[in-house]
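Trainee: I am new to this structure and would like to learn how to read it. Could you take me through it step by step?
Mentor: Gladly; let us look at it together.

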Amino acid sequence: MPTAFLGTNRASGRTITEQFHVFDAHNPHVYRALERMAARRLAAGATRVSLKDLFEDLRRQLPYGVAGLNNNFTALYARRLIDDHPHWAGVFELRRRRAA
């Protein structure tokens with residue numbers, strides 16, 4: 001698994017969404033892993049999936065010292081999963097976004 005890209009921080013002036021897109025572009029393996037993990041849980045009978053829980057499971061799988069999985073990205077990953085898998089729309093609980 002490639003080393004995670006640390007992305008940017010608030011000092012850069014980038015929004016969370018912009019930071020997410022930079023991170024995601026440098027770490028496509030993260031999305032693929034979350035997609036596989038969600039699909040496995042659903043296949044096992046789950047009707048709800050927590051992206052925060054998937055993130056923690058993914059963190060445990062990363063080599064010690066690899067950083068970059070920002071909790072601010074979980075909602076954006078959930079929305080991306082729903083965009084790619086519309087039939088999963090009821091699986092993830094989403095709140096209304098405050099920012100575009």
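This is a predicted model: local features need pLDDT of at least 70, side-chain atom pairs count only at pLDDT 80 or more; totals for chains, interfaces and linings use all residues.

Trainee: How many helices and strands does the protein have?
Mentor: Helices (H or I, at least four residues) and strands (E, at least two) are DSSP runs, numbered from the N terminus. Here there are 4 helices and 0 strands, so the order from the N terminus on reads α-α-α-α.

Trainee: How do the axes of α1 and α2 cross?
Mentor: Axes are lines fitted to C-alpha atoms, for helices over the stretch in contact, and angles run from 0 to 180 degrees between N-to-C directions. Those of α1 and α2 come within 4 Å and cross at roughly 90 degrees. Angles under 35 degrees count as roughly parallel, over 145 as roughly antiparallel, 65 to 115 as roughly perpendicular and the rest as oblique. α1 and α2 are therefore roughly perpendicular to each other. Contact means heavy atoms within 4.5 Å, and this one is made by Phe-23, Asp-24, Ala-25 and His-26 of α1 with Pro-28, Val-30 and Tyr-31 of α2.

Trainee: Where do the buried residues of α3 fall, seen down its axis?
Mentor: An α-helix has 3.6 residues a turn, so residues three or four places apart point the same way. In α3, the buried residues are Leu-51, Leu-54, Phe-55, Asp-57 and Leu-58. They fall within an arc of 165 degrees, so they line one face of the helix; the arc is that of the directions from the helix axis to the C-beta atoms. These buried residues pack against α2 and α4.

Trainee: Which residues have the most contacts inside the largest nonpolar core?
Mentor: In soluble globular proteins, nonpolar side chains tend to be buried together. A nonpolar core is a set of buried Ala, Val, Leu, Ile, Met, Phe, Trp, Tyr and Cys residues joined through side-chain atoms within 4.5 Å. The largest one here has 25 residues, and Leu-34, Leu-51, Tyr-77 and Phe-92 have the most contacts inside it. α1 (16-26), α2 (28-43), α3 (51-61) and α4 each supply at least two of its residues, with α2 giving the most, 7 residues. Leaving out residues up to four places away in sequence, Leu-34 touches Leu-51, Leu-54, Phe-55, Leu-58 and Tyr-77.

Trainee: Is Ala-78 buried or exposed?
Mentor: At 4% relative accessibility, Ala-78 counts as buried. Ala-78 is found in helix α4 (residues 74-84), whose buried residues pack against α1, α2 and α3. Beyond residues up to four places away in sequence, Ala-78 touches Leu-51, Phe-92 and Leu-94.

Trainee: And where is His-85 found?
Mentor: His-85 is in the segment after α4, and at 16% relative accessibility His-85 counts as buried. Apart from neighbours within four places in sequence, His-85 is in contact with Tyr-31 and Glu-35. The C-alpha atoms of His-85 and Glu-35 are separated by 9.4 Å, although these residues are 50 residues apart along the chain.

Terms used: Residues are numbered from 1 along each chain as its sequence is written. Side-chain values use heavy atoms; hydrogens and water are left out. Buried means under 20% relative accessible area, exposed over 50%, partly exposed in between (1.4 Å probe, protein chains only).
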